[in-house]
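This report describes selected side-chain contacts and secondary-structure features. Please consult the sequence and the model shown below while reading.

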Amino acid sequence: MKTSILWSHVMWTLSIIMFTWSMLLTMNLKTMIMEWDILSMGTSNISLPIIMDPMGTMFSAVVLFISANVIHFSDYYMQDELFIKRFTHLVLFFILSMNMLIFLPHLMALLLGWDGLGITSFILVIYYQNPKSLAAGMITALTNRIGDVMLLLTIGWSLNQGHWLITNMWNSNFSMAMCTTITLAAMTKSAQMPFSSWLPAAMAAPTPVSALVHSSTLVTAGVFLTIRFYPMLSKFFLFNTSLLMISTLTMFMAGMSALVETDLKKIIALSTLSQLGVMMASISLNLPNLAFFHLITHAMFKALLFICAGSLIHLHHHSQDLRSMGNTTNQMPLTMACLLTANMALCGLPFMAGFYSKDMIIEMCLFNQSNTTIVIMLILATLMTAAYSSRLMSTALVSNNMSLPIQYSSDNTLANTTPMLILSVGAICSGSLMNWLFISPLKEPLLSSEMKLIPLMVTILGATSMFNKSTSKAPTPNNSMFSHMNALMWFLVPLSSQALLKLPMSVCLKSMYTLDQGWTELSSAQGIHSTSSNMAKSLQTTQIPLMTIHLSLMVMFILFTIM
């Protein structure tokens, strides 16, 4: 048996065990905290706490479940890869880091999982070892390093509490600073504005990596950290308000960018960014449990969406350009059915996985006394989600195929179809399952029928209008500046890369010309050499040939006389 298939079976088994354990803890309303004494020397002891709560075990079960399907899919997608074992081991190291982040409520140990995620994601992004992958990997790593530094500052500032347990943080003089750094760390990992540009760039990684790391687990680590620290964070002034503004802007920007994007994986990455904004907005509305609910359902359908996209990319000679794809319904009916299921769940159509969480978040936003601008932006972001999903489906299903004429398109490989079918069940049933088994009965917000129907009507409006636009032959109005702004994510891409480098580069060049190629060289060996050379040249101009001969003869005569 191949290594990838073996490990996928192990992950499936572990996910079933963890899911059962989560159900037991939920039904008994229990949270277990264990302390493992690693080393004891006299009065000093080093211990590692492990927390087993319903939320953490459920998240771990979902991570293991998606990992099993992704590793199984990688056997098909990366069948020509020579170092498939190395790739599988890197994915396993990522899963280990993620579980450390979930189960260790100690800031020092949590940093190990946090840094492990950053290092592994960097290695997986640069896996193809080309200039594009390396540039994407550097943006990913440097943005995540900001979050790592913020977490290190939090560890330093919590030193006066005498412990680093996140379960019982109390107020101190540094509490406000700790609140700021934890929020910034979560924003970098979850790609909230202004740290959003790394997530679409990270799509240079292999598609199985995108399905696991950059859709359902790594980017949700920031959301999970915010939920863990929420009892402490929510006490501070303007935390909820500022997070609501940032998350709403993020989901609005991601929706507008996805409407003009042509790279298939980047469209799905931008939809992930939009849903991360929805989760953060839910937390800022004082609904962390609902945010966690959406985190779980989103992980299911987004992993399915990436796996379906990976199948399309694999069969289109690894081209990610959406414009070259089309007319795949008859060739790949199963893949297209699963892709449609994932998109329906993403749009929050009734009784799909995304409906139970996303619809409730929108209703609670309408029910609570939120700012009108925030509500309008949330509704427009929902409309744009339906619009870019409809554009993706209409382009892949209906439009003409613009790729190479000779290509083999089929979806009859078990390594491809098995993960898609299993995740399709999750994309359909996980919302209702979570709602019935794990989420305590929620009080429905009292809204009028018209307001209850707003999310559904907006979704239908966005999908139908974009489908009509995609299938019509009318020319698109040329607004290059607006399209350019959205394609560059409101210019966040150049602002977070080239724009930041311009000033340091000019300072470095000037310092090099002034110091390294200036005073330093003139005052050292090269300066002495150039000075002596110039003096020798000036002396040569004074040496007239007749005078030189006369003086030489006199010297020779004197020497001859002495001898």
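## Aromatic pairs

A search of the whole structure finds 8 aromatic pairs, where rings of Phe, Tyr and Trp (its six-membered ring) pair if their centres lie within 6.5 Å, and planes under 30 degrees apart count as stacked, over 60 as edge-to-face and the rest as tilted. Phe 351 and Phe 355 form a tilted pair, because their ring centres are 5.8 Å apart and their planes stand at 50°. Phe 351 is exposed at 61% relative accessibility (buried means under 20% relative accessible area, exposed over 50%, partly exposed in between, with a 1.4 Å probe and protein chains only). Phe 59, Phe 224 and Phe 292 are linked by ring pairs into a cluster.

Lys 189 lies over the face of Trp 114, 4.6 Å from the ring centre; a charge sits over a ring if NZ of Lys or CZ of Arg is within 6 Å of the ring centre and within 35 degrees of the ring normal.

## Basis of the model

The model is predicted: local features need pLDDT of at least 70, side-chain atom pairs count only at pLDDT 80 or more, and totals for chains, interfaces and linings use all residues. Residues are numbered from 1 along each chain as its sequence is written, and side-chain values use heavy atoms, with hydrogens and water left out.

## Salt bridges

The structure holds 4 salt bridges, each defined as a side-chain nitrogen of Lys or Arg within 4 Å of a carboxyl oxygen of Asp or Glu. Asp 115, Arg 145 and Asp 148 are linked in a network of such bridges. In the contact of Arg 145 with Asp 115, the closest N and O atoms are 3.3 Å apart. This pair links distant parts of the chain, with Arg 145 in helix H5 (residues 131-157) and Asp 115 in helix H4 (residues 107-125), 30 residues apart; helices (H or I, at least four residues) and strands (E, at least two) are DSSP runs, numbered from the N terminus.

Between Asp 148 and Arg 145 the closest N and O atoms are 2.8 Å apart, and both residues lie in H5, 3 residues apart, about one turn of the helix. Asp 148 is buried at 3% relative accessible area, whereas Arg 145 is partly exposed at 41%.

## Strand hairpin

Strands E1 (residues 32-41) and E2 (residues 44-52) pair in the antiparallel sense over 9 bridges; pairing requires that DSSP finds at least two bridges between two strands. Ser 40 stands opposite Asn 45 in E2. The two strands form a hairpin with 2 residues between them, and Gly 42 in the turn has a positive phi of about 65°.
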